Amino acid sequence: MGIDYCFEYIEIIKTINDNNQVSEIDPRKEALKEKTSKILINSKEEWRSVLPYIPRLMSASLDVLKQSNSNDPSFEMIMDLLRNLSICISPKRLAKYWPTDLDWLIKVTQWLEDMIESDSKPQNFSSVYTLILWLASAIHTPFALDRFVCVEEISISPRIHRIISKCADNYSLYPVLHFLCGAFFSRIDCQNMLNDFINNLLLNLNTTSCINSKLCTVRILATLMKKIPREIMLRYESEIYSQTIDAIDFDHEKLVKLSLKLIGRCALVYLKPSENVSWRYRCGKRAMKPLSILAIESKPIQSYSYLNDCHPEKMDLPNHFENMIRILLKNLANESTIVRFTVAKYLASICDRLTEDRSDQVINHVLQLCSSSDNDDNLWHGCCLTLAEIVRRGYFKAKYFPDLVEILEKAFFFEKIKGSFVCGENIRDAACYICWSLVRSYDCNLIDPFVNRLASLLINVVCFDKAINCRRAASAVIQELAGRARKFPNWIDVIQRTGFHDLNSIERTFLEIGVHFATSYAEFRPTIINHLLFNKSLHFDHSIRQLAAQAIRKISLQYSFATEQYFLSYFSKFKNLSQEDYNTRHGLILTIAFLLGSEESLQTFSTMDMIYEILFNLKTSRLVAISNSNNLIKESYLVFIKENLKLYWRDTDKRRNLYSFILTTLESNESDESIQSHTILALNEIRKLSNESDIEALIDELIDSLEKHDQFIVSTIARFLSECNLSAISVNERILIALNKFLNHWFKSELRRPETIGDVITALLKTSVHHPRLFDESKQSNVLLEDIHRNVLKCLKDHSITKKGDTGLIVRFSVLKNIDQYARLISTKKFCSITKLIAAEAASHRYKTFVLSMKKLFQIASNRSESCAITSAIKKIFNRDDIFSDDDFENKLDLFDNCIHLLDCPQIIEDLWLGFVSILADPGLEKFSNSLIDYIQANERQETILAQFAQVAQKNAKDPRLCIPFLIGANLLLTRIPTTDLIQTELASFAWNACAKTSNPKKYLLSCDIFCTLVSIGKISLAQSYLYVLLGHRLPRVRSYTAIQLYSALLALPTDEIDSQLTVITDHLKQTDWLDLETAKEERQKVRSLLHSIQ
């Protein structure tokens, strides 16, 4: 575990005794210091994992401190480590691990006093911070502090008081100083200094304008109000309260929170703490036995009042006490969540101590705030938190349960658009907190009358809430409620289906879990259907409306919406469609579309005609015009047409009207992929309902749109054509011509969409194989086929790189998926050209196309009736079909071994190198490159394979995509495989051509690697002229790199006779300042002469 570095760091600190030792181990010390700091701070969220190691850490740290002084470096290092530890697990949790021996109390006080009285330094902050925490724990000794004398015969109490006074001016210490103040002044023997201290704090609070100073002061006062007995603090409460009110108006979240905390504690000072805390243990029991047995075993519980038990005496409260409560209630609507939570906690604590009547007044006021504020989300959240805290303490009377359930009904579904975001998630989560507290704190007999209402509400939240946190919170409440109450309906099935991980996907909760509860249980069905129809289907979130409409359709397949008048009440809202906003219109149309299409009882002529008149009658409806400019309405119309086109198909006028709307949508769509997919679905619905002649007429109309060359229109039509059953209709030659023209027009454009090119090439490949005369020998057909084939090759060669990445991969992937039938019908010459490009794609081993390319090579070779050298080579290497698994790395390695064997086919070696070079250049594919090199080394045709590599590299020396991979690959092959003089000469020439007149420094460096590799294998004469140029290059980086690599290459020479000459050259390379251009040009001539002498 990472915490072990802390122990290693402590061991290093133990070895530090003097400055010499510090300097010797300084690098390791600094590295470990940074690492331990990061480990502890990053473990803050998982602090429980650190707790088992704290005793050992504290013991090891104390061993170091026993042998250190406050001025030692080791002391500061240990203090810094302990401070990071306190940040990790919080100072409160670390308090019990501090040693509280009397010896440590005196020593810590002395250390702290020495540091504070000396000149403050930034590096001492961690030490002061940690020592204050330590002193706050050590001061809890049961002995009087006056007994302990430090130096100058002064007792320890005034020294600690002086420490606190001086530290109060250091605002950075306020997170820990209040611990020491609370521990010190809560002691009886130190309370004689309390009066002056509080007066100084109040004076500072009243006079200072510094926010940090106010924070420190209020934090200390709040701690004093909590730690010191209430009888003493009553003397100061009024003055503290009056000085604190002004701080609430500051626009500072932490200051407002601490001020309200202080006011809450001022109020609690007047209230006697509750002596009867039995409410904490009066929780209900889980109903794990059958109900009949529980009914016999359980005894009736009489009604009781916790408040009467805890408050037998009447309290006298000051006049400003009511004002305190009013301030707390007002800040329930504060914009800060932590402020609202603080207020809620203290209001609940005050109600805990108030008399019954006064507590009821506060609770009633909170309930009234909930019922009167429908739109203030902050107030709703604050009230819900307050109710949850009161309920958790058990002081919420059972007579208020009906009001509480009504509030829960609103809070569970609270959502509000506020500016550019949606609020309400925190309110729904707080509502779950209320319900959970209710179940945990009250007996099941009190809750049973409300279980059915709560169960229906919780089912809706757990299935249909947008936020996963709320769904999981509702799931936790369901488990508690089902376990403790005796009347939760269908609780076994509900708990099994609403587990923590079952709620991850909102699609699953809507379309599976929610639909199951609605169709299986009558207890949940009405609330689920009403919630989906009148809430979620009209939601402002587009995805929620879609999910709600789909859930309604799935429910309507098993349960009729006409039986309970659901459809009639919803249809009455649908009639006023034009008066609603766009989101509501979209949800209404979607829901009506799915209901009408799935439930036959609703498909009456009157209902259908009325819906059609509302949506499509140009004289009575403005929605058709609106849909042309609004994508939401357009999408809902397309869904309606797709779901219900069959109902209006026999009416010619309506059918034509719906069809014209689809074509209008097709031509008006710009870049919305959702509209595109729904348009395709609608066109497919028309195709299913039409006969052959109607489909051909539809395609003729679509061809006219194809000729406009709009990318999104063409993409939509191309996807539609790809999904058509083209074997049942005669493919029009105009389709092929239009698709070809589009590719010719857009392929080289920078504004093209690769997705559109992929859709068009897919449609072209699928439609071309169904053309009756395309593959005949007639002249006209051959011209068209040549044009198609040219576009197919361009798509297979598309390696476009944009800011989005390898966008050409989308195009190549589309060709590979649909090449089978086309490759079977074309001539052998065309087949070979396609096969070479597919083999190159397979050899490049791209993660998305590697397995697909190999699979297509095997399929097109197997389907080919005419045999050739390439098909024979492909069939020979594939001995089984189960190797095409893209899941297992070992299978991929085996498949790549098969791909390597394609090098045995001379016709495609050059194309294979275009792909293999990418593997040689990728360090992440080392296993695959090793397999390739091992195969070449063992191959009898090794020289031919390498010669073709050199030829291909020479051809692509200026290619911006392949130049650098070929440079890396050439160097790797020269290093790993013995080569002939001819190949070495060609590779040297390629390296020079690649870097000639280039502005890319990387090419010079990679070419330098090749030349130096040649030197290391003894080819000095071949590389020296190139190296001479690089040693005098205008870029200092290139000159320096060349000198370093040449130095290493010369040292690798195995020749023994020229050791002295090599020593002269290497010393010359090492001593020359190659960063200076003039010096480099002078010295490179000497290096060249020396290299001549050792050839």
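Q: Leaving aside its neighbours within four places in sequence, what is His-531 in contact with?
A: In this predicted model, His-531 touches Phe-413, Asn-460, Phe-464 and Lys-536, once neighbours within four places in sequence are set aside.

Q: And where does His-531 sit, in which helix?
A: Helix H27, which covers residues 525-534.

Q: Buried or exposed, that His-531?
A: His-531 counts as buried, because its relative accessibility is 7%, and the cut-off for buried is under 20%.

Q: OK, switching to cavities. How many of 30 Å³ or more turn up in the whole structure?
A: Searching the whole structure gives three cavities of that size, 30 Å³ or more.

Q: What volume does the largest cavity have?
A: About 60 Å³.

Q: Which residues line the largest cavity?
A: The lining is Phe-412, Phe-413, Glu-415, Arg-428, Asn-460, Val-461, Phe-464, Asp-465, Asn-535 and Lys-536. Phe-413, Asn-460, Phe-464 and Lys-536 also came up as contacts of His-531.

Q: Which helix gives the largest share of that lining?
A: Helix H23, residues 451-464, with three residues.

Q: And how do the lining residues of the largest cavity divide by nonpolar, polar and charged?
A: Four are nonpolar, two are polar and four are charged.

Q: Let's pick Arg-428. Where does it lie?
A: Arg-428 is part of helix H21, residues 425-441.

Q: Why does Arg-428 count as buried?
A: Arg-428 counts as buried because its relative accessibility is 4%, with under 20% as the limit.

Q: What does the side chain of Arg-428 make a polar contact with?
A: The side chain of Asp-465, at 2.5 Å. Both Arg-428 and Asp-465 are in the lining of the largest cavity.

Q: What else is Arg-428 in contact with, leaving aside neighbours within four places in sequence?
A: Besides Asp-465, Arg-428 contacts Ala-411, Phe-412, Phe-413, Phe-414, Glu-415, Ala-467 and Cys-470.

Q: New topic: pockets. How much space lies in the second largest pocket?
A: About 500 Å³.

Q: How many residues line the second largest pocket, and which lie nearest its centre?
A: There are 18 lining residues, and Ser-749, Arg-752, Ser-800, Thr-802 and Thr-807 lie nearest the centre.

Q: Which helix and strand each supply at least two residues of that lining?
A: Helix H39 (754-768) and strand E3 (801-802).

Q: Last one: how many of the residues lining the second largest pocket are charged?
A: Nine are charged, alongside five polar and four nonpolar ones.

Technical notes. Residues numbered from 1 in each chain as written. Predicted model: local features only at pLDDT ≥ 70, side-chain atom pairs only at ≥ 80, totals over all residues. Heavy atoms only, no water. Helix = DSSP H or I, 4+ residues; strand = E, 2+ residues; numbered from the N terminus. Buried < 20%, exposed > 50% of the residue type's maximum accessible area, 1.4 Å probe, protein only. Polar contact = N/O pair within 3.5 Å; in protein donor to acceptor, adjacent residues only side chain to side chain. Contact = heavy atoms within 4.5 Å. 1 Å grid on protein atoms, 1.4 Å probe; cavity = no way out; pocket = protein on both sides within 12 Å on 5 of 7 lines; lining within 4 Å. Points joined across faces, edges and corners; volume = space filled by probe spheres on them. Nonpolar A, V, L, I, M, F, W, Y, C, P; charged D, E, K, R; others polar.
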